[in-house]
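Me: I have a structure open and would like to go through it piece by piece. Can you take my questions as they come?

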Amino acid sequence: MSNLYSKVHRLKSQGWTWNHFLQQIDLIYAGGIDEKTLLALYRQPHRKASAHVNKVITTLHDNVFASPFPEDTQALLAIYNRLIHSKNNANVADDISDFIIFLNGDLQHGSTLRQARLHWIKADIHLDQLSNLRINGKKLALLSQQKLALYHYQQSYELLQELNSDQQNDRYIDDFTLYKVQQNMLACYLNSSHPQQRYQDNALHNYLLHSNYIKDSKRALHSEPYQWIIARNGLRFSSIQKNADNCDYFYRALISANSAFTDYNYAPLGAPAIINSEDFKWAIQQLTP
Amino acid sequence: MKTSIITLIFLFFISSCGFNTDTDHLSNTQKPTKTPLSAEKLATSKEETLTPDQHLIPKNRAIEQESINSADIVDDPIKPLPNQNKTTTIYNAKKLRKSAEHPAIKPIIIEEDDMPRLD
């Protein structure tokens with residue numbers, strides 16, 4: 001769940017009335033939040049909330065839909081996210097290097113679930129470098145970081161699957177969590193490739209061909225149809241694969257998630273309009289009558 | 001007698017040519033064209049129409065600001081030496097090249113339509 005639109009929808013889809021929703025918010029923060037703000041976040045994927053509203057809704061969401069991962073690993077991820085997004089920290093590179101040293105040592109300890117999450121976090125660190133390295137033309141470093149990111153996501157995925165196949169394990173890892181690891185692996189291929197070369201990128205095509213990404217995306221959308229990010233990415237990779245049927249499927253899913261996407265120029269929060277992205281060029285040609 | 005006549009003629013010649021010994025050592029660009037008095041005058045005339053907020057500005061600063069803004073009292077600007085200009089250009093180009101490159105590790109760049117990670 002990476003945006004407030006999805007979080008609000010996910011909470012509302014439990015059958016909550018707006019009054020109940022507002023009461024639950026009051027329990028998190030006594031001052032509550034304005035009903036109009038909540039409705040706007042529910043209706044508009046481009047709506048940006050204040051830091052305070054963001055925190056209140058995220059806390060409520062995380063209370064209701066608790067992460068399957070241990071609390072200490074979630075805290076580590078939160079520290080890393082704050083670090084990578086900090087604007088005025090001149091020592092980010094050093095801090096992240098130290099963070100990796102800690103992770104390397106800690107990877108050997110704890111439960112399988114904990115190890116899976118630590119591999120995930122380590123993979124995140126490598127994935128986050130890919131766009132920068134590609135833009136700066138550092139090809140060797142790019143390939144090295146991509147390889148490391150893929151290795152750690154793969155480790156995480158295998159450990160999580162191992163948990164699900166263990167009869168004695170009482171904690172089942174849900175499909176959406178597994179989908180997220182798969183999407184991150186795909187991001188390792190996509191973000192390493194220049195936008196102009198993605199239609200011809202063999203590694204990317206190979207991964208799409210041999211993974212269940214498209215099938216799993218459809219399954220995730222079936223249970224959470226408001227997830228415009230999943231629909232948008234499905235449309236993107238169907239376009240790169242030049243698959244007209246899948247383009248049609250994911251475009252319908254996208255406009256079902258929110259009708260604002262009928263306008264190709266619509267830019268939701270955190271993503272450009274599809275008309276401005278090379279990845280969607282083929283799909284738009286197919287969809288435009 | 002003859003000498004005094006020559007002296008008189010010489011003095012007359014000097015005065016008729018308009019040489020001013022006081023400012024003779026100054027070039028045209030160095031001549032002071034604004035006086036503190038005129039600046040003060042400007043400041044005083046402005047003070048009459050100041051809003052309450054503007055009164056917070058110290059008077060000296062107001063004078064300075066007004067002097068800078070007055071186009072009629074601005075002389076030829078001091079032009080940088082050709083070499084100085086060249087150095088600045090090189091420095092800026094270096095600076096631009098440096099800023100064009102993204103730092104090795106810094107916030108996640110989603111400039112193009114890259115895929116953000118999911119956690």
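Me: Before that, what sort of model is it, and how are things numbered?

Reply: This is a predicted model, where local features need pLDDT of at least 70, side-chain atom pairs count only at pLDDT 80 or more, and totals for chains, interfaces and linings use all residues. Residues are numbered from 1 along each chain as its sequence is written, while chains are lettered from A and ligands numbered from 1 in the order in which they are written.

Me: Which residues touch the most other members of the largest nonpolar core?

Reply: Tyr153(A) and Cys188(A), in a core of 30 residues. A nonpolar core here is a set of buried Ala, Val, Leu, Ile, Met, Phe, Trp, Tyr and Cys residues joined through C-beta atoms within 7 Å. Buried means that 20 or more other C-beta atoms lie within 10 Å of the residue's own, exposed means 12 or fewer, and partly exposed is in between, with C-beta atoms placed from the backbone.

Me: Which helix gives the most to this core?

Reply: Helix 7 of chain A, with nine residues. Helices (H or I, at least four residues) and strands (E, at least two) are DSSP runs, numbered from the N terminus.

Me: What is Cys188(A) in contact with, leaving aside its neighbours within four places in sequence?

Reply: Leu127(A), Leu130(A), Gln146(A), Ala149(A) and Leu150(A). Contact means C-beta atoms, placed from the backbone, within 7 Å. Apart from that core lies another, of 18 residues, including Trp228(A) and Phe250(A).

Me: How do helices 7 and 8 of chain A cross?

Reply: Their axes come within 8 Å and cross at roughly 155°. That makes helix 7 of chain A roughly antiparallel to helix 8 of chain A. Axes are lines fitted to C-alpha atoms, for helices over the stretch in contact, and angles run from 0 to 180 degrees between N-to-C directions. Under 35 degrees counts as roughly parallel, over 145 as roughly antiparallel, 65 to 115 as roughly perpendicular and the rest as oblique.

Me: And helices 2 and 4 of chain A, at what angle do they pack?

Reply: About 100°, with their axes 10 Å apart, so helix 2 of chain A and helix 4 of chain A are roughly perpendicular. Gln24(A), Ile25(A) and Ile28(A) of helix 2 meet Val56(A), Thr59(A) and Leu60(A) of helix 4 in this contact.

Me: How many residues of helix 12 of chain A are buried?

Reply: 13 of the 13, so helix 12 is largely enclosed by the rest of the structure.

Me: Now chain B: how many helices and strands?

Reply: Chain B has four helices and zero strands. Of its 119 residues, 3% count as buried.

Key. Contact = placed C-beta atoms within 7 Å.
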